[in-house]
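Hi everyone, thanks for making time this morning. Let me put the structure up on the screen, and then we can walk through it together.

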Amino acid sequence: MFPVAAAAGPEAERVRTPWSEFWRKFRKQHVAVGAGGFVLMLVVLAIMAPWIAPFDAENFFDYDMLNSPPSARHWLGVDPLGRDIFSRLLMGSRISLTAGFVSVAVGAVIGTLLGLVAGYYEGWWDRAIMRLADVLFAFPGILLAIAIVAILGSGMANVIIAVSVFSVPTFARLVRGNTLALKHLTYVESARSIGASDRTIVLRHIFPGTISAVVVYFSMRIGTSIITAASLSFLGMGAQPPTPEWGAMLNEARSEMMTAPHVALFPAIAIFVTVLAFNLLGDGLRDALDPKIEQR
Amino acid sequence: MLQYIAKRLLGLVPTLLIVGVMVFLLVHLLPGDPARLAAGPDATPETVQLVREDLGLDRSLPQQFLRFVGGAVTGDFGKSIRTKRPVATEIGERFAPTFWLTIWAMAWSVTFGMGIGIASAVWRNRWPDRLGMTLAVSGISFPAFALGMVLMQVFAVQLNWLPTVGADTWKHYILPSLTLGAAVAAIMARFTRSSFVDILQEDFIRTARAKGLSEPIVVAKHGLRNALIPVLTMMGLQFGFLLGGSIVVEVVFNWPGMGRLLVDAVDMRDYPVIQALVLLFSLEFILINLIVDVLYGLVNPTIRFR
């Protein structure tokens, strides 16, 4: 299904490697390239945040400027407690990006392993794993995450666990489907005929063929996970005040909507722009990695 | 047809059973002693023991599970720890507002989303497509709680056109259902577009055009019917998204529904309410997916029920 990545390997020492093919197609999509650049910038900002934030995000209180709108001193204004919103957003980006990335990474690794096992061995393994996925899918949307947080207690670490579990079944289904399609291809059969072990076949020959689908889904999923994690914090189940998590900041800003709407506006824009960048990047990756697209 | 539905319903039993076990275990995984929680902070050890016996928590796990399933089937989920009222009554009062909110959100988002998706596919790579898809990618990137706050600020606070919180009149439904449906409309638009782009390149579309049918008839009759099948699946999946999303939206708009009840229950560790709500939300989602599967056959008779 994804011959681009399936052809990968040290033998492919031609000019047109899968990587160069991907880059050739991806480069043409200016929006996605821009979004990718923006994501990189966000990552750098998040890493550098403690050094570039003009004020302490949690412990600096400017009592003379409560609720004041953006100014030269406070670029994005001040919140009802006198804290600098720009500094809080910067520090909050570390939490949101970490939560989004780590939860999807954990979900992708576990889901991919389960999907490979289910698709390759079929039979009992397949039924058990897919039944588990069905059960996890039976909890609509954010409900599973809320149930997990209800058990583990609130806090950002538990939110990351909850969102990871939430990602596992989707990756498992995706990889299982690809594995089922790939394992009947001739090159896999020839690998088996020369006596390659199951482990070699799955890891060296089938897994690379599923990578492109996983990568596309990975980038799409980060946006969803950032929103889910922020939603849980908004509901008071994730990061707790005074932590400058974006969802928690919006929750705190609710009571001041009448007097100081900018306190809510900037965290909302931050979440939107970040998630938008990941989604546009994901769209671009999909178009560059999906061989079906070129025919259109 | 009836046989197919019966078979599908039977197929649900194992999934429901596992969901039931998970929801049942929820209480036993909760940190802290449920009996202690139910009895209140000032209770003496004797009282806690009485409450434990009353709740059946002193029996073995399998016995407790049977009791839980028996209760769930008859709609008896015990009493809320917070209000001391039967959980069934609590949920009964909250069911309708959430149900109607989800239905309205689904109705507008599917209509609107499919409209945008079809327009984008028909005018592919031209301005209606670019506008539609820009709207759609923005829609999936804007979190519901932020959108709700923005809409409330603009239309309820600044312009004063619509009420802010509550669920009394039809006007109260506008902002929450808009907020809840936005992401679904966006997903439906993207999905309808890609499904439609595939269909419009099929041979039978070329045949329909070749025999001189007008473009609107080709799109509406030959395209829509075939594109509807994958779109229907997506609708079923999106219902889950709406049910989950209603939890967040209800908190923003202070909506007297099941979502807010759940958030309050998690806050107060009101585990009988959490159990019942999680079970109910999942049951609703599973049933909706079953209905969607059955609808397949009505849309496309070439899909035979196996």
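Before anything else, one term: by a nonpolar core I mean a set of buried Ala, Val, Leu, Ile, Met, Phe, Trp, Tyr and Cys residues joined through C-beta atoms within 7 Å. Please also keep in mind that what you see is a predicted model.

With that term in hand, the largest nonpolar core here has 153 residues. The residues with the most contacts inside that core are Ala145(A), Ile146(A), Leu250(A), Val248(B) and Leu277(B). As for which element gives the most to this core, that is α9(A), with 17 residues. As general background, nonpolar side chains in soluble globular proteins tend to be buried together.

Let me pick out Leu277(B) from that list. Leaving aside neighbours within four places in sequence, Leu277(B) is in contact with Ile91(B), Met258(B), Leu261(B), Leu262(B) and Ala265(B).

Now the chains, starting with A. Chain A has eleven helices and zero strands. Its C-alpha atoms fill a box of roughly 75 × 45 × 35 Å along the principal axes. Of its 296 residues, 47% count as buried. If you take contacts in chain A between residues at least 6 apart in sequence, 70% of them join residues at least 24 apart.

How confident is the predictor about chain A? The mean pLDDT of chain A is 83, with 92% of its residues reaching 70 or more. Within chain A, confidence is lowest in helix α1, residues 3–6, at a mean of 49. It is highest in helix α4 of chain A, residues 85–121, at 90.

On to chain B, where the secondary structure comes to twelve helices and zero strands. The C-alpha atoms of chain B fill a box of roughly 85 × 55 × 30 Å, again along the principal axes. Buried residues make up 39% of its 306 residues. For contacts in chain B with a separation of 6 or more, residues 24 or more positions apart account for 70%.

So how do the two chains meet? The contact takes 36 residues from chain A and 40 residues from chain B. On the side of chain A that touches chain B, the elements giving two or more residues are α5 (123–137), α6 (143–152), α9 (198–234) and α11 (262–289) of chain A. Which of them gives the most? That is α11(A), with eight residues. By type, the residues on that side of chain A divide into 26 nonpolar, six polar and four charged.

Next, a couple of helices in chain B. Helix α1 of chain B, residues 2–29, has 28 residues. From first C-alpha to last, α1(B) reaches 40 Å, close to the 40 Å expected at 1.5 Å a residue. Where does α1(B) bend? There is a bend of about 30 degrees at Val13(B), and a proline, Pro14(B), follows within four residues.

Helix α7 of chain B, residues 144–158, has 15 residues and reaches 20 Å, close to the 21 Å expected. α7(B) bends by about 30 degrees at Met152(B). Met152(B) is also one of the buried residues of α7(B), along with Ala144(B), Phe145(B), Ala146(B), Leu147(B), Gly148(B) and Met149(B). What do the buried residues of α7(B) pack against? From chain A there are α9, α10 (246–253) and α11, and from chain B there are α8 and α10 (215–252). Just after α7(B), Asn160(B) takes a positive phi of about 60 degrees.

Is Ser195(B) buried or exposed? The cut-off for buried is 20 or more other C-beta atoms within 10 Å, and Ser195(B) has 23, so it counts as buried. Not counting residues up to four places away in sequence, Ser195(B) touches Ala227(B), Pro230(B) and Val231(B). Lys84(B) and Ala38(B) are 46 residues apart along the chain, and their C-alpha atoms are separated by 9.4 Å.

That's my tour, and I'm happy to take questions.

Conventions. Residues are numbered from 1 along each chain as its sequence is written. Chains are lettered from A and ligands numbered from 1 in the order in which they are written. This is a predicted model: local features need pLDDT of at least 70, side-chain atom pairs count only at pLDDT 80 or more; totals for chains, interfaces and linings use all residues. A residue is buried if 20 or more other C-beta atoms lie within 10 Å of its own, exposed if 12 or fewer, and partly exposed in between; C-beta atoms are placed from the backbone. Two residues are in contact if their C-beta atoms, placed from the backbone, lie within 7 Å. Ala, Val, Leu, Ile, Met, Phe, Trp, Tyr, Cys and Pro count as nonpolar, Asp, Glu, Lys and Arg as charged, and the others, Gly among them, as polar. The expected span of a helix is 1.5 Å times one less than its number of residues. The bend at a residue is the angle between axes fitted to the seven residues ending there and the seven starting there. pLDDT is the predictor's confidence in each residue, from 0 to 100.
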